[in-house]
Amino acid sequence: HRQTGAWIKHASDAIMSSNELYSTKKCAGQQYDNNYTWWINNILHDCQFGYAAESGNLASYNTHFVLGNMFYNILSADQTNPHNYGAVKIRQNGTHYIIGNTFYDYDVALSVPYNSRIYTFQNNLLGMRKTGITPPMIYSAAVGLNAAIENNLFPATGFNVLWGSNNYSSLSSYQTNTNECLINCKETDLPGMINPIDKNFTLQESSEAVNKGAANSVYDDFYTRYGISIAKDVSGI
């Protein structure tokens, strides 16, 4: 149907894992009073939004995780408003961890339209963007202590980050002026996917992303909470 593939409202400890969601307005997402929601190793494609954390409600300052998902062919209908675009859009209150995801053939990888949101964007591979795109690759009204961006692989062609009210067209200028992405961020137009045109996003052994993921406590948190290890990528490695 045309609204969303999977959605969470008023839930705690909800885990959405290993689904393929496509051809809706929003592939997946959530809103209202949620805590400890996990989106893990899903394939999200051919939607206007990949994952959207929408409006909060009451005591919704909680913790949410977007880990190891594959986003491709994400194209918003409105590229003039950060509320209306994003392979990942963070509007909901709380703390968000966006870690280990792959983006390919998208307009905007990340949109955070409110400055009070707290998030970590780490270990993500941002491959080729759609051509003729005007909005930024990343838009964040949340800057400074609210945001942590590190250890990501960005496309060298068309780098464009709108950080608060400032726009940066290169990784070096973004790093120098924001002190973000100082830890192992890199630009490359050759992320080393085997055949992304035919939707094979598996990394070749020579890829600059192989064995470059940084450790993060979210995997330990999942194991402590549920007794299951998710310290592996979508292919089980």
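**Pockets and a buried strand**

Strands β9 (70-74) and β23 (200-203) each supply at least two residues of the lining of the largest pocket. This is a predicted model. The largest pocket has a volume of about 1300 Å³. The second largest pocket has a volume of about 220 Å³. Strand β7 (residues 49-53) is largely enclosed by the rest of the structure, because five of its five residues are buried, each under 20% relative accessible area.

**Largest pocket**
- A total of 41 residues line the largest pocket.
- Nearest its centre lie G100, N123, L203, A209 and D233.
- β23 gives the most to this lining, with three residues.
- By type, the lining of the largest pocket holds 19 nonpolar, 16 polar and six charged residues.

**Second largest pocket**
- The volume here is about 220 Å³.
- The second largest pocket is lined by 14 residues, and Y104, G127, M128, D189 and P191 are the closest to its centre.
- Its lining divides into seven nonpolar, four polar and three charged residues.

**Strand β7 and its partners**
- Strand β4 (residues 26-31) runs parallel to β7, and four bridges join the two.
- Q30 has A53 in β7 as its bridge partner.
- Strand β10 (residues 88-90) also pairs with β7 in the parallel sense, over three bridges.
- Y51 stands opposite V88 in β10.
- Is β7 largely enclosed or left open? Five of its five residues are buried, so the rest of the structure largely encloses β7.

Note on methods
Residues numbered from 1 in each chain as written. Predicted model: local features only at pLDDT ≥ 70, side-chain atom pairs only at ≥ 80, totals over all residues. Heavy atoms only, no water. Buried < 20%, exposed > 50% of the residue type's maximum accessible area, 1.4 Å probe, protein only. Pairing = 2+ DSSP bridges. 1 Å grid on protein atoms, 1.4 Å probe; cavity = no way out; pocket = protein on both sides within 12 Å on 5 of 7 lines; lining within 4 Å. Points joined across faces, edges and corners; volume = space filled by probe spheres on them. Nonpolar A, V, L, I, M, F, W, Y, C, P; charged D, E, K, R; others polar.
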